[in-house]
Structure formats: C-alpha cells, structure tokens
Amino acid sequence: MGIGLKTDKFVCIHGHFYQPPRENPWLEEIELQDSAHPYHDWNEKITAECYATNAVSRILDHEGKIIEVVNNYSKISFNFGPTLIAWLEKKSPDVYQAILEADRVSQKNFSGHGSALAQVYNHIIMPLANPRDKYTQVVWGIRDFERRFGRKPEGIWLPETAVDLQTLDILSDFGIRFTILSPHQASRVRTIGARTWRDVSGGRVDPTMAYDLNLPSGKKINLFFYDGAISRAVAFEGLLSSGENFAHRLIGAFNKERDCYEIVTIATDGETYGHHHRFGDMALAYALQYIETNNLASLTNYGEYLEKHPPTYQVEIFERTSWSCAHGVERWRRGCGCNSGRHPEWNQSWRAPLRESLDWIRDTLSPPYEKKGRQFLKDPWAARDGYIQVILDRSPESVEGFLSQYATHKLSEPDKITALKLLELQRHAMLMYTSCGWFFDELSGIETVQIIQYAGRVLQLAEELFDDSFEPHFLELIKQAKSNIPEHRDGRRIYEKFVKPAMVDCKKAVAHYAVSSLFEEYPERTKIYCYTSDREDYQSFETGKAKLIVGRVKMTSEITGESDLLSFGVLHFGDHNVNGGIRKFQGEETYKTRVKELSDAFKRADFPDVIRLLDKHFGESTYSLRSLFRDEQRKILNLLFESTLTEAEAIYRQLYERSAPMMRFLTDLHIPSPKAFYTAAEFVLNSNLRRAFESEKIDLERIQTLLEEVRLEGVTLDAETLEYTLRRRIERLAELFFANPTDLSLLEALGTSLDLTRSLPFLVNLWKPQNAYYKMLKTVYPEILKQAERGDKSARVWISKFTSLGEILSIRVR
C-alpha cells in the first residue's frame, strides 16, 4: 500500500499541469510567439522548463553529482489539461509517453489506482457555465482522458477549483469519485450519521482526511481539501529552495498526538515545479525520496487513500467559490479587484462586458444551431457531446464513424461540411470561455485576445451557416470593454487589430501558398497547417531578379472538409515587394487567357502592365508578404534580409577591426569607448562566437581567443542566444552518440563540445545530454564495462572517455 513502510501517515502532492490553448483558431497550430524567445512559443518554453524536467528529474548527492533520474509524475497525483496534453502528444511525444508511463507505474505502486486525474475540457469556470456546457465539458474531459490513459478517471480537476453542486452532480453521474478543493471552500462538517454540524469556514477544515458530500440528486462525491499553508509556501514563499525543508514541512503537518490515519495533501499549479521556480522539480524529487528513504510517511494517491480509508466525516461547501479569487468566481465576470498586482493603476472593469458579449454570442446562436442541426443530426446537443471523437481523431474513418452514429441519414459531401461547421461553431463557442481570458490584468493580453479570436471564429462560421452577420452587434457589445492601454482603446479596436487579420479561409490559405512558393518549392500535394493543397497547375517566369508565378490549386480544410479551387498570380520584384491576387477558378479558357496576358507582359519586363493585369484579373483580392502566416513570414523575411544583413555585418566588422586597438587602449585607461565602436564590437564578437558554436568542428583555440577579445573590449555577450546555439549543437551530438554508442569519434566530439561549457562566462543547459548519458549509463555502459574487464582495449578507451564525459555532465559513475 503506497510507497514507503510507514502505514498510518500518508503524503499526496497534486500538480495541476495546464496551459491555455494557444493555437490560432483558423490554423489549429500555435504560431511564433516572440515573447517566448528563444523558444518558438510558450508551450515549448514551459515544456523545457517544467513538463519535460519532471519526467526526468535529478537527485543529487552531497557533491552535487546526479545519482538518480526519476519520473516525478509516477509518485505524485497530477492532471494535464486536455488541450495541453494534446499539444504534448504532437510536439513533445517523449514527454507525453513519460506521462502515460507514470500513470501505469503509479497503478502498480498504489494498489491499482492511477495517479492521473481528468480535467473538464478547456478550463472553463464551471459555476459560470450553463448546464449544457457543463455537461459537454465533463464528457469531453473524461473521453479525452480515457483515450489517452486507457482507463476511466477516478477523480477530476475543476479549473481554479471553481465549484457548485450542479457541477459535482454531473461528475457523480459519470462515476467520478472525488475532486480537490481549497480549504476556504469548506463550510461545515460533521461525523457521518451525526446531527450536529461544526462550522469550518475561513479555511479551518481539517485537510488530513477525505470527506463525503451529499448532492441534490441524492448521490455522493468525495472531497479532499489541500493544506492551504503548505501549498501557498510551495507556490509563493520559496519552500522549493530546499527539497529537505520541503519534506520536513510536509511531515510537520501531521498531528503527532493523533493515533489514526492521516493524509497530508497539497495542490498547486504543476508549473510551480520548474517554470515558476527553477529546479523546483528537483526539490520535489528530493523531498519525495527523502520521505521514502527515511520512512517518514507513505506516498499515496487519492484513489488508493479513499479505498483504504473511506471518509468518516461529511462536509458542506460554499458554492460558486474558487482557489484564486477571494470573491468567489467574480474574477471571471467583473472587476472584483483580483489581479496580478503588476499594474496597480489598471482596472479590470473590462471583464464584465467581455463575458456579456460572449454570452450573447452563445445564447443568440444556440437556437439556429439547434434548428439547422436537426436537418443533419438526430440530436444536435448529443452530437456535440460525441464530437470529442472527431476532435481526438480527424481521420476520414473517424469522421464517418461519428456521422454514422449521430447523423439523421447518409449525408452528402455539402451536408457533411455543414454538419462539421455547426459542430466546429460549438467547439469554439466553448473554447472562448477558457478561464485565462479573464484571469490577468489587461484586455489586450495574449490570453484574452486568444478567447476573442475563438469568438471571431464562431462569428465567421455563423455567418457562413445562417446567412446573417452577427459581428456588428457583437462589436457594439465588446466595445464597452475598455483597455488600460490607450492605443488599444477597447474590445472593438482589439478585435479589428488582432482578430480580423488572423482570420483564415481557403482563399487566404491559397494566398499563403502562392506567396511562399516564390521562396520554397512545394510538392503536388502539401499540408499547410490544417489545410491540404493539391496543385493543378504552376507556371513560373523570371526576368533578372523579378519573378512571376501563375497557377491554380485546390485547397481543402482538414477540419470541415470544405474546399475551393482557386487560381493565383504573384509578382515578386526581388526584395520585400510582392503583389499578388487570388480568384475562384473560372474555367480552363479564362485561366489560359490570364496566364498568357500576364506572362507576355512580364516577358516584356512591363511590370506596370503586369500589376494592371493582376488588378484586372483578380480584382481587390490582392496579397503580399503580409498575407503569409507568421512562421513562414519570419522565415522568408530572414531570407530576404540575409544579403542586407551580410552587408551591414561587413561594415560593422570593418569598423571593429579599425577601432579594436583604440578600444583596448581606452579600456586600459578606464575610459568608456564611443558608443559606435562598442556597438560594432558587440555585434561582431557575438556573431563570431555564434558561428564558432555552429561550425562543423569546434575550434577551442578560436573560441578562447574570441572570449579574450570580449573580456578586453568589455563587451556584453548575448548569453541567451549563444547558450541556445551551443546547447542545440550539443543536443544534436548527444542524439547521434546515443544512436551510435560505440562510435568513439562521436564520443570525442561530444566531449570537446561539453568541455567548452566549463570555460564560458554563462551556464549552458545540459539537461538533454544528461538524459541521454544517464540512459546509456544504465543500458550500454554495463555491457562495455564487462568487455573492458575482459581486457578489450577499445572498450577500456571507451570507458575512460565515457567516464570523463560523466564528470563534465556532473553524473556520478559508479
């Protein structure tokens, strides 16, 4: 029972791992987020800092050497938000598999009870949702969990622990046994069977036991209340600075005078362990090991504890409360005063009109959804509940299986598209209630813009489905939401500035295809985010630096199945100036005429006439580099600016070579160099170091010379970019070595790169090579060690070099 020998005291740590959905609603992918630099986006950044590190967390000895690498998830209780774990499955499959494996291991450790909990689907505040949305959120959360973990969930995490009895009744209907709440959400308790209640308001509930809650339906659900003081210390008061102190704080919460079973349980955002607090995952790993090895308590999870020690007390709760708002759930519907504290001069009065405008969309579109839906679906709301099947698997077979179950009849292709559009409207109508849209301080924040984009997608689909424009009234409503930043004004301005330009349809997808095809070659069929393009014709003409392309392509949405055959023409002048147009294909003869007229004018180098013809044939549908989706746009701009940047670098380099002796003389006299000289030196030396790190073979002497120049000139290094560049190089070498462990040349090359990290004026994150090394230490090393002990000379050389590598990586090799 549990991990450890002590059987009357139990510890359970819960991590709520979650990120708001960040995908562009029209592309179903996260676009480049500059604020997460040097990572592509915030999901990638937080995965590197937290989700991945907790899957392979380090335990150190007294000399700071790694002696063990552990999967924290297997020893704690955890939940991953469905939208986050879907991203991990696609973008970080190794972390995803480690999470699933941890649940399997926990079932072995905890009497058959897995440690993973489900979560309502996209983190909406359940007490503020209507009954229908509550139900779908629970269905989707449970079905997502079952598909991933291969079992039914015993418990479920409520976003922000926001709770009401109706929500708990729905959970109970689905067989959910328990959830976790804040101690401040408990109202009163009594021994089961007793008549007298005891008031425990103000966070005075005893969190060392489980409780029964009687529901309005006559059913029951079990509740755990986390230890508020310890959870707060972990999240906000620096308790994770020491794993041993963390362990003692947990053990200190037991009542020494109580001779009965107790559970000390805490709950925080999972990101606390590594993202909010660097190395927090290691403090967690050490604390868990310390508790186990010193027999201070048994580790458990909620399911196991309930089985072994069912509740003896009954509880009642305060409804419409949460763990992160002192005013109940007001943080998500008005300016109650709760905020991050970073901008005390700002107000959050925008929250109320934002919610009101979204409620208007939901309530206005529900009747037409139901009415039109009944033309294709037996029960439009039951179909919405079942649509999670398609969200999890958008293959044609999955879609057909879904429609065979929920459609009124065998649907034609146009009817199928309409049905899928109706269901996508409903999906985005729920995504727009993701709680993070209200949590922070400003209407124009990325989390809030994200949910307004979901609203924009709903409005776009509604106009296509119901032949009516709902956008104007929505804009009047959201205009009442005022930004704290003058340039953003209000919700209407934010919608026009950040939402309208992000909208995509088949025409815009073809525009991206056409413009980007100037710079990269596409196969006949290619995937562009959630669109598939099938090229039917493509003709290219060049004159000097100028280029003209004309073609036609069939673009199909992988989400709704909608497709369009479009023709395009694009003129590129060789720099950032691109002019193009898109139009529905109007027949072969018309197409051939356009191609001939445009190509003839281009061959005469009559560019004004080419532009005139583009306007004539494609009307107002003109596109440029602005039409590219963000990642491709950045990639192409970097290509275009390459020659200009090369010229600028040459100028900087020339200036630096002339000024370097003077700069050193000034430095020796403790006189600051002129800003122009310093800027040139900073640019050139950082550029030289970056190239040295990227070169095929590491030249240690060259790098040491550059570092000495940096010291002499007093230049500031771009440590973030340089660290990232060198880290990526080392990670690639580590992957190659792991795939070819007996290749001594790879071992030596990796050793040279790692040895370099010791002499740098900044730390390099060696997490991935440490992981690879530790795996080899447990798998490859023992076999080669046996060969060395039998006298194999090459094995002895390998062992010597491998051991030296471990020293650099701070891994104890026994």
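What is the order of the strands in the open sheet of 6 strands?

## The open mixed sheet

The model is predicted. In the open sheet, the order is β7-β11-β10-β14-β8-β9. The pairing is mixed. Strands β7 (178–181) and β9 (198–199) are the edges. Each of these two pairs on one side only.

Within this sheet, β10 (residues 210–214) and β11 (residues 220–225) run antiparallel. The two are joined by 5 bridges. Across this pair, Leu 213 sits opposite Ile 221 of β11. A helix also packs on the sheet: α5, residues 165–173. Helix α5 touches β7, β10, β11 and β14 (313–317). The directions of α5 and β11 make an angle of about 115°.

## Strand β17 and its two partners

Strand β17 spans residues 546–557. How many of its 12 residues are buried? The count is 11, so β17 is mostly covered, with buried meaning under 20% relative accessible area.

Strand β17 pairs with β16 (residues 531–543) in the antiparallel sense, through 12 bridges. Here Phe 541 stands opposite Leu 548 of β17. The β16 and β17 hairpin has 2 residues between its strands. Gly 544 in this hairpin takes a positive phi near 60°.

Strand β17 also pairs with β18 (residues 563–572). This pairing is antiparallel too, with 10 bridges. Arg 552 stands opposite Ser 567 in β18. Between β17 and β18 lie 5 residues, again forming a hairpin. Which residue in that turn has a positive phi of about 85°? It is Gly 561.

Strand β18 pairs onward with β19 (residues 578–584). Leu 571 has Asn 579 of β19 opposite it. This pair is also a hairpin, with 5 residues between the strands. In the turn, Gly 574 has a positive phi of about 100°.

Strand β19 in turn pairs with β20 (residues 622–623). These strands are antiparallel and share 2 bridges. Which residue in β20 is the bridge partner of Gly 581? The partner is Thr 622.

## The run of pairings

Conventions:
Residues numbered from 1 in each chain as written. Predicted model: local features only at pLDDT ≥ 70, side-chain atom pairs only at ≥ 80, totals over all residues. Heavy atoms only, no water. Buried < 20%, exposed > 50% of the residue type's maximum accessible area, 1.4 Å probe, protein only. Helix = DSSP H or I, 4+ residues; strand = E, 2+ residues; numbered from the N terminus. Pairing = 2+ DSSP bridges. Contact = heavy atoms within 4.5 Å. Axes fitted to C-alpha atoms, helices over the stretch in contact; angles between N-to-C directions.
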